[in-house]
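I opened this notebook to record what I looked up on one helix and on charged side-chain pairs. The entries follow the model shown here.

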Amino acid sequence: MTSSLLRPRGRIRTGATGASGGAAVEGSTAPTRILDWRNPRIAALVRELGAGPADAAGPADPARQTESLHRAHAWISGAVRPVYSVQDERPVSEVLRRGRGSCSQRLAVLEAVARAYGVPTRVRGLLVDGSFWYPRFPRLHRIVPDRVLLAWPEFRLGSPPEASGAPTSWLTVSELLGGLRPEAAEQGGGFTNAGSETLFEALSRTAIDWDAAPAACPSTGPGAGPACDLSAYVLTDLGHYDSRDELFARHGQTLCGLARLVAEPVLGRRGAA
């Protein structure tokens, strides 16, 4: 049994509150309060990772952009310790300073690096059933929120439409990191949300599918099989937003302010292993 008492009050979370299907949501490369990529700490990280697409002359090269973001994902996986932090609006520069973060915060780091490289990002808002996190808290089901607000990033590679004359398609973070490619999916089974591997690490080897896409490999149940069909856990699709800042401003974070205040000192340091 999950808890609804920890949820922010006064928030109406209904489907498709973002632009219809995300069609009119263009995303951005601009810094935001969360994706504060102009902060010196993030600028230093970008330099450490090497020259990004923004440094290349001429039209942006999708292959080079993808390679740069793969490097960034690998760096984040190794350098930012996975914990259960509940402060989804924490700026990326602060996550890097602490050297630890939740899956949501680590995804935000990847988004910030992408924007620094000149790659537009946006997010899709999903309300996910709290039971998805039961394996992480086997004896504490009653304190798991009944629904978790997830900001699922998307990236637009290549030159912007105004530069190339043709719109470029959006890739989910799973598609970007290769999880939806058959050869990547064959590297391992689905994501069970148990053990040392977190959702953030699993992205590079497993197709994370929130929609039961026909192209995904069949599975025997939620979280099973190489394609990792997690669509059974999606309660509401909230649509697309230009940034996670906009998503959280409209729908709040997963936990109410008091719950975050009480839980963060403990969960913000608890390893996700």
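I began with Glu67 and Arg71, which lie four residues apart in helix α2 and are therefore separated by about one helical turn. The two form a salt bridge, with the closest N and O atoms 3.5 Å apart; the term requires a side-chain nitrogen of Lys or Arg within 4 Å of a carboxyl oxygen of Asp or Glu. Helices (H or I, at least four residues) and strands (E, at least two) are DSSP runs, numbered from the N terminus.

I noted the basis: the model is predicted, local features need pLDDT of at least 70, side-chain atom pairs count only at pLDDT 80 or more, and totals for chains, interfaces and linings use all residues. Residues are numbered from 1 along each chain as its sequence is written, and side-chain values use heavy atoms, without hydrogens and water.

I then checked burial (buried: under 20% relative accessible area; exposed: over 50%; partly exposed: in between; 1.4 Å probe, protein chains only). Glu67 is partly exposed at 49%, and Arg71 is partly exposed at 29%. The buried residues of α2 are Gln65, Thr66, Ser68, Leu69, Ala72, His73 and Ile76. On the other side of α2, I found Ala63, Ala74 and Gly78 exposed.

I looked next at a second salt bridge, in which Arg156 and Glu26 meet at 3.4 Å, N to O. Arg156 lies in strand β4 and Glu26 in the segment before α1, so the pair ties together parts 130 residues apart in sequence. Arg156 counts as buried at 9% relative accessibility, whereas Glu26 is partly exposed at 45%.
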